[in-house]
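Have the sequence and the 3D view open side by side.

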Amino acid sequence: FLNFSSIRSPGAIFFMAMRACMATAFYIFNIVWVSSLKSRFHFQASDHGKFMSFVGLSYALCQGVIAKRVIHCVGHGKQRTNLLLVSCVIMGLGRWFVFQTDSLSLVYVCFFAITVTLG
């Protein structure tokens, strides 16, 4: 499986490492996130359901409407690389910010931005 020269290229290794780090960060974040929501906003099961429904709707909206337009406007080449980098920064800073705020509406706004960058 790993005998392909393209898999051993620096770019492919970078993307595999980045994906592994992002997946690890995602799961660590989710473990801490649930207890954070409960302690700061007194989330119950129904609140989690509403929040996850919002995230799912945002993700569907992004993939169905927003992503096509953004990728079309960005073009090809270096602009797409910059879009990927900006998306990674928004995901990282957005998750940091949701832990810093005490406003539930800002949490929803930040998660919309995070979800759009994932789409």
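Which helix does S105 lie in? S105 sits in helix α4, where helices (H or I, at least four residues) and strands (E, at least two) are DSSP runs, numbered from the N terminus. With a relative accessible area of 51%, S105 is exposed; here buried means under 20% relative accessible area, exposed over 50%, and partly exposed in between, using a 1.4 Å probe and protein chains only. S105 and L84 are 21 residues apart in sequence, and their C-alpha atoms are 26 Å apart in space.

A quick word on what you're looking at. This is a predicted model, so local features need pLDDT of at least 70 and side-chain atom pairs count only at pLDDT 80 or more, while totals for chains, interfaces and linings use all residues. Residues are numbered from 1 along each chain as its sequence is written, and side-chain values use heavy atoms, with hydrogens and water left out.

Now zoom out. The protein has 4 helices and 0 strands, giving the pattern α-α-α-α along the sequence. Its C-alpha atoms fill a box of roughly 50 × 30 × 25 Å, taken along the principal axes. Of the 119 residues, 21% count as buried. Take the contacts (heavy atoms within 4.5 Å) between residues at least 6 apart in sequence: 66% of them join residues at least 24 apart.

On to the packing. Two packed helices are described by the angle between their axes and the distance between the axes. The axes are lines fitted to C-alpha atoms, for helices over the stretch in contact, and angles run from 0 to 180 degrees between N-to-C directions.

Start with helix α1 (residues 10-41) and helix α3 (residues 78-100), whose axes come within 10 Å and cross at roughly 20°. That is why α1 and α3 count as roughly parallel to each other; angles under 35 degrees count as roughly parallel, over 145 as roughly antiparallel, 65 to 115 as roughly perpendicular and the rest as oblique. On the α1 side the contact is made by F15, M18, M22, F26, F29, V32, W33, S36 and R40, and on the α3 side by L84, C88, M91, R95, V98, F99 and Q100. Sorted by class, that contact has 12 nonpolar, 2 polar and 2 charged residues. The nonpolar class is Ala, Val, Leu, Ile, Met, Phe, Trp, Tyr, Cys and Pro, the charged class is Asp, Glu, Lys and Arg, and the others, Gly among them, are polar.

How do α2 and α4 cross? The axes of α2 and helix α4 (residues 104-118) come within 9 Å, at an angle of roughly 40°, so α2 and α4 are oblique to each other. Their crossing is right-handed. From α2 come K50, F51, F54, V55, S58, Y59, L61, C62 and I66; from α4 come V107, Y108, F111, F112, T115, V116 and L118. This contact divides into 13 nonpolar, 2 polar and 1 charged.

Helix α1 also meets α4: their axes come within 12 Å and cross at roughly 155°, which makes α1 roughly antiparallel to α4. Here F29, W33 and F41 in α1 meet L104, V107 and F111 in α4, a contact with 6 nonpolar, no polar and no charged residues.

R69 lies in helix α2 and is exposed, with a relative accessible area of 58%.

Between α1 and α2 (45-74) there is a loop holding H42. H42 has a positive phi of about 55° although it is not a glycine, and at 58% relative accessibility it is exposed.

Last, the cysteines. The structure holds 0 disulfides, a disulfide being a pair of cysteine sulfur atoms within 2.5 Å. The sulfur of C73 is 13 Å from the closest cysteine sulfur, in C62, too far for a bond. C73 is exposed, with a relative accessible area of 68%. C110 is in no disulfide either, as the nearest cysteine sulfur, that of C62, is 16 Å away; C110 is buried, at 12%.

Conventions:
A crossing is left-handed if the near helix is turned anticlockwise from the far one by less than a right angle, and right-handed if clockwise.
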